Amino acid sequence: MRYILSLAFILVLSTAHAQFPFSGGAKGPTIKGKIEGTVVDSLTKEKVSFATVTLKKKGSSIIQNGVLSDENGFFRIEEIVNGQYDIYVSFIGYEDKKVTVETTLKSPDLNIEHIYLTPSATVLDAVNINEERTLFENRADKLVFNAENDASIAGGDATDVLRKVPMLSVDLNGNVSLRGSQNVKILINGKPSGMFSSNVAEALKMFPADQIKKVEVITSPSAKYDAEGSAGLINIITKKQNVDGFAGSINASIGNRQNSTFINLNAGKGRFGLSSGGALFYSPPAKGTNEFYRFDKINSGTISQNGDHKSSTIGGNGSLSAFYDFNGFNSINSSFNFRGFGLNVDGTTIGAINQSGLVDNYTRTNTSKNLNSGFDWSTDFTHKFEKRENQEISFGVQYSRQNTDQDNIIDEMHDFDLLNRNTDINNDGVNHETTLQVDYTHPFTKAIKLETGLKTIIRNIISNYNTQVFDITNGYTPLVETFNYHQNVYAGYASMSFIIARKYNLITGARYEQTGISGAFDKSTDLDFENIKYNNLLPNLTISRTFSGFRTLKLSYTQRIQRPSLSYINPFNNNADFVNQTIGNPMLNPELVHQVELGYNFTFKGFTTFSSLFYKHTDDIIEQILSLNENNLSVNTFENVGTKNSLGLNTFISKSVSLFTFRTGGNIATYDAKGIVNGNPEERKSFEYNIFLNGEAKITGTFKADFFGFFRSPVRTIQGDNPAFTIYGMGLRKEFKNFSLGVTLIEPFNANKYFKTNIETEEIKQSSSIAVPFRSFGLNVRYKFGNVDFKERQSKVKNTDLKDASGNNQGGMNMGSGGNNTLQK
């Protein structure tokens, strides 16, 4: 705790220093207010109706705003940034009148009362400026993908968007990897969301692509971010923003694989604003097939399964956010988000067992119903100091609740009657998470800045499960249990940034985190654990150098951790497939990761490229491990296998030729792991890679086409390979005055795609395959109305601290039991 106290002391000193700042401070913050008054005839004292009132910066000739007085001579100009202005008033038959005024941070609203005239007239011209960003931006600390400019993702979901981002790859399940690692944290508008606490893949599929404005990828987070997400952070920025004025949009997509509707409404007036949105989506039933085969290397026994399934999804989400600026120094921002996602799968499986003297044939029907629902509420208060620009302190609170209900109705008939079962296997969980956070920023000069803060995350998860245990004497017996899990994280950080000689940037700092965990069972109390604590001091350092010609060289070192979430430690035995079960491991330790990265970007003869070479060492790596139970059946669980080293390279190249833009690149990294698996030493060396190609053609100013293709190699584990993944598609979009029309086509020449998993131990070889329909066609319509000025506001709360069973790091805890290598779309 001494580290937290030290950081708290730094925070107090930094705040106190605001009273005695160094020289070199800049101007204070800004705020928008209003100027109002009444235009009056100087002789008759009558009100002058429909006079022209224009606003210019003091001493400037550029018009900032303009209105007409109403029938009573009254005028009001809103959204005026504090400062000095010249107001020009004119009307036919009167001389122009100039009045100089000033609004301040403390008094952003000004009432001039009366402006007296005598004749002339001026006509105001309105100028509309439309700006379209490039599809990709390489900034000093992040890579940005401007999704709203890509026609080929219309009507899709978030997984379709992330597949287009350099350095990222997304498999069929929706699991996201950054440079080959799934240890990545996903944020929404800069903050965590409970929607990812139960199942990241399903949450991404319920997030319409048309809601996404851009995606930011951060590979070397500073100490300000939570220590989780060893591969980096992904920040999804939505189009749901606060505005001034009133506006809205409607996006509707229809297709053979996915249908969705998204409505967004925004309203703002002065210093207060509201924003709301909602989305519904539905995927019609899709048929697929699955195969499973296991060979016993010791006694030559076999287990095989073949089946078909039909799956469908339905869900939606909504949000409401509000902000209010009290003045130029104090503001409050609050948001509420809710969601629900349902996945239904009906399947029939025919299987055969021929091993250890047991010959059995069986048929299983399985009706699986999964529901994930929850909400997030967050509120931030920010105070900006008057005497120094960008000096501020913020206080944030967030509460999240996530419900995860899994229900499997099993009807299984065997030749061997003892194995027959007709039962309901379920796991219902609820996750409560409360976050308190304070952050302070102090710029000593324009080139030196301190960021420091404290944070607490309190998690309580309750998992109720009903499953069965089999033994050869009694057959299946029920097991009903409740698992109560607590995890508390206390953190403090300090980060310093320096600009040296205008060409060098240095960011260094450290983050201290203490984690306490405990778990208790309702019946199996002998498995309880409590007061398990671990402490981590995690430094980071980034140095960058800019050169002429838009060239940048960057070197960074980060140390981060990966805590196991409930999906890893949940002791629920999911034996819906009794020959290939899944169970969590409550005794897992966190991973500790060291990463070094060297990056360089440049532009040469129209080619823009950025590349990075990285090395990562991980202790106590967590992987899914296959073993055999006492009945010689496969059981998947999670273990701290040992250590892993990875050396990799990622690159991105783009080139524009006339109306065409082409982009390509990829990642390649080694996989070098060794440790103890099932009591035996294991070692594996291999490599992983992915490549992509995409581009666009601007046929006219309002008509463009996009295309993309992606391939990722199998994902390596110490025991085998998870499926490779490929996808390609194209899209067209035509923009009209207030709406746009688009079409998308995915995998036109492949009705179905097959995904294979292979695992081998000293005892068995096991493989599985799944086929899903993939060819899709969609039509998308967007309609916009209103005219507003957008303002982006984000919560200060950012929980980036967990690794779920899919490998992604999320705020909140995953109530799932983990999973085999079953794939669903």
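Predicted model: local features only at pLDDT ≥ 70, side-chain atom pairs only at ≥ 80, totals over all residues.
Residues are numbered from 1 along each chain as its sequence is written, and side-chain values use heavy atoms, with hydrogens and water left out. Local features need pLDDT of at least 70 and side-chain atom pairs count only at pLDDT 80 or more, whereas totals for chains, interfaces and linings use all residues.

**View A. Salt bridge between Glu-36 and Arg-76.** The two side chains meet at 3.0 Å, N to O; a salt bridge is a side-chain nitrogen of Lys or Arg within 4 Å of a carboxyl oxygen of Asp or Glu. Glu-36 belongs to strand E1 (residues 32–41) and Arg-76 to strand E4 (residues 74–81), so the contact ties together parts 40 residues apart in sequence. Strands (E, at least two residues) are DSSP runs numbered from the N terminus. Glu-36 is buried at 14% relative accessible area, while Arg-76 is partly exposed at 39%. Buried means under 20% relative accessible area, exposed over 50%, and partly exposed in between (1.4 Å probe, protein chains only).

**View B. Salt bridge between Asp-376 and Arg-339.** The N to O distance is 2.9 Å. Asp-376 in strand E20 (residues 358–384) and Arg-339 in strand E19 (residues 330–355) are 37 residues apart, and the pair links distant parts of the chain. Asp-376 is buried, with a relative accessible area of 5%; Arg-339 is also buried, at 8%.

**View C. Salt bridge between Glu-747 and Lys-753.** These side chains meet at 3.0 Å, N to O. Glu-747 is buried at 1% relative accessibility, and Lys-753 is buried at 9%.

**View D. Network of salt bridges.** Arg-364, Glu-412, Arg-421 and Asp-577 are linked in this network. The structure holds 15 salt bridges.

Definitions and conventions
Helix = DSSP H or I, 4+ residues; strand = E, 2+ residues; numbered from the N terminus.
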